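Please look at the model shown below. The paragraphs that follow explain its confidence and some of its salt bridges.

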Amino acid sequence: MASTSRDVLSKKLLPPRSKRFLPAFSSRTLMISCLTLSNPTVGRDASSKLKSMKLLEVLNALEEEGPSHRREEIFIAPPDNASGDFTDEDSGDEDGQRGSHVPGSVLHASVVPEDSGTEEEDDDLQPPPAMKRQKAVVEPQRVWIKRDIQPNFRSWTPSDPHIEDLKSQELSPVGLFELFFDEGTINFIVNETNRYAWQKNVNLGLTAQELKCVLGILILSGYISYPRRRMFWETSPDSHHHLVADAIRRDRFELIFSYLHFADNNELDESDRFAKVRPLIVRMNCNFQKHAPLEEFYSFGESMCEYFGHRGSKQLPAGKPMRLGYKIWCGTTSRGYLVWFEPSQGTLFTKSDRGLDLGGSMVVKFVDALQERGCLPYHIFFDKVFTSVKLMSILRKKGVKATGTVREYRTERCPLKDPKELKKMKRGSFDYKVDESEEIIVCRWHDSSVVNICSNAVGIEPVELTSHHSGIAKTRTQVHQPSLVKLYQEKVGGVSRMDQNIAKYKVKIRGMKWYSSFIGYVIDAALNNAWQLHRICSHDAQVDLLAFRRYVACVYLESNADMSSQGRRSRRLETESRFDMIGHWIVHQDKRTRCALCHSQTNTRCEKCQKGVHAKCFREYHIR
């Protein structure tokens with residue numbers, strides 16, 4: 001491929017901060033979205049050249065953009081026939097071929113443009129070029145007037161009896177985690193994994209105890225990782241990890257991990273790219289919503305389930321990261337608790353409705369999930385990828401408040417001051433108009449740049465002064481800030497907080513099946529949610545996320561270890577964990593046993609040591 005084609009790609013088709021979309025490796029033809037085309041004519045010309053390009057050339061063109069502090073993200077999708085049997089096969093040994101090294105057959109596959117439907121654009125003033133000519137839909141013209149919004153939503157004070165019940169139970173970190181990976185979910189995974197192994201003529205005989213050991217190792221890999229996962233079991237003193245080695249044998253772990261399954265292959269929906277993990281998604285969404293804190297403010301946005309990690313075949317200039325992975329639509333609380341999620345399948349497999357684009361349709365689905373707990377006036381925040389005046393109107397009819405930044409072409413011709421004119425005015429200047437019939441406000445505010453923000457619930461007043469940094473003068477100045485801008489900045493970051501928590505200690509062990517990284521994402525999301533509940537429900541000193549994950553991993557590995565194969569090692573393991581002063585919780589037990597210290601009957605035990613112990617004997621037992 002000539003260098004000019006790469007220049008066209010890097011400069012026109014793939015501008016900075018755009019998100020790129022590629023399908024999974026199993027597909028013979030790869031698809032990439034040509035986003036942010038500021039010039040439709042140039043875009044069509046470049047797209048025709050792109051049709052003959054290969055994935056390797058696309059990645060090389062991205063590298064030739066030069067040093068940048070921005071992160072390049074390429075979203076991929078599962079193969080078109082993700083329900084086929086071949087997608088169960090491993091594409092290589094994880095230890096022999098790192099996931100960041102793409103096979104040559106994939107690197108030389110053709111790249112075909114595809115419209116994503118939810119792209120981020122550098123130019124907010126121009127709509128994306130239409131890929132197909134559609135029949136024009138005549139929309140009633142809105143009447144915009146200069147006044148503040150007058151919302152008529154009913155007021156309410158969130159009161160959540162379920163959270164109060166959790167507080168009274170004083171659940172340990174393991175108990176909170178098992179609200180999501182409950183007994184039903186564990187048994188379901190065990191049954192589907194055994195069924196899949198039986199279909200492959202393998203008598204696996206997986207038990208719930210062994211599955212919890214596997215989960216414990218996956219969780220532990222988030223904060224203790226080796227270049228090869230088999231190093232956990234090596235006898236070499238620089239790598240051996242006795243907690244893992246004593247819990248389950250290496251070959252047994254590898255066998256279970258290779259057959260881990262979440263759906264019956266005989267009952268897969270061929271129209272669903274995520275049919276292999278759909279039952280797990282349904283169960284997790286049900287548990288996440290069941291135990292979610294009832295709040296007024298929620299965030300909606302895009303998350304990323306990383307697939308490749310950093311591409312290791314060629315080092316990007318100046319350490320510029322390039323990530324490939326699945327896009328996840330996420331609805332969270334303002335603190336980062338994941339309430340609802342749905343992996344994106346692209347516009348080819350997900351049809352939008354109500355005249356909205358794909359992103360707006362996902363917001364409506366999230367609202368429908370929220371309203372299953374009651375039709376309350378929730379307040380949803382999202383960015384310009386999703387916001388439109390039409391979406392605000394639909395949510396208002398559902399009794400739901402919404403606020404979000406918006407692109408100018410989605411404001412339905414709201415007559416605001418020109419951005420160039422507003423930039424000449426002092427910082428903090430703004431203009432606004434309200435749709436008289438539906439009480440939807442659009443505000444254009446000048447700060448470091450010009451921002452458009454739309455809401456059906458919050459208006460301009462009260463206008464407050466806020467301190468902002470001036471880059472030129474290197475001082476802080478006071479600027480006027482409308483009420484809807486202030487509330488948006490305070491409440492919109494829920495998805496980002498969840499992403500930050502997941503990224504800190506995410507599961508590192510991955511198989512080569514296309515959905516293996518997604519399973520790690522679900523485990524990380526469940527741990528994040530359990531930790532969020534711990535922060536809300538804990539009466540005592542709260543633990544941080546790392547200590548929380550360590551406790552769950554240690555309890556799962558120690559209490560579910562295969563004692564029959566340990567011999568004398570089990571005594572050493574019990575002695576070491578008893579006095580480590582980490583993660584020991586006293587919990588209630590239904591059957592009375594003898595106290596390990598005073599030997600009288602007790603109905604409490606140490607969850608980590610799995611020994612009966614009185615509350616009065618608890619401290620002395622762990623220090624003697």
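Is E192 buried or exposed? At 8% relative accessibility, E192 counts as buried, where buried means under 20% relative accessible area, exposed over 50%, and partly exposed in between (1.4 Å probe, protein chains only).

This is a predicted model in which local features need pLDDT of at least 70 and side-chain atom pairs count only at pLDDT 80 or more, while totals for chains, interfaces and linings use all residues. Residues are numbered from 1 along each chain as its sequence is written, and side-chain values use heavy atoms, with hydrogens and water left out.

The chain has a mean pLDDT (the predictor's confidence in each residue, from 0 to 100) of 78, and 70% of its residues reach 70 or more. Over residues 1–52, however, the pLDDT is below 50. The value also stays under 50 over residues 108–122. Where pLDDT is low, the predicted coordinates should not be read in detail.

Across the whole structure there are 24 salt bridges, each a side-chain nitrogen of Lys or Arg within 4 Å of a carboxyl oxygen of Asp or Glu. One of them joins E192 to R195, at 3.2 Å from N to O. R195 is partly exposed, at 35% relative accessibility.

A second salt bridge, between E254 and R230, has an N to O distance of 3.7 Å. This pair links distant parts of the chain, with E254 in helix α10 and R230 in the loop between α8 and α9. E254 is buried at 14%, whereas R230 is partly exposed at 38%.

Notes: Contact = heavy atoms within 4.5 Å. Helix = DSSP H or I, 4+ residues; strand = E, 2+ residues; numbered from the N terminus.
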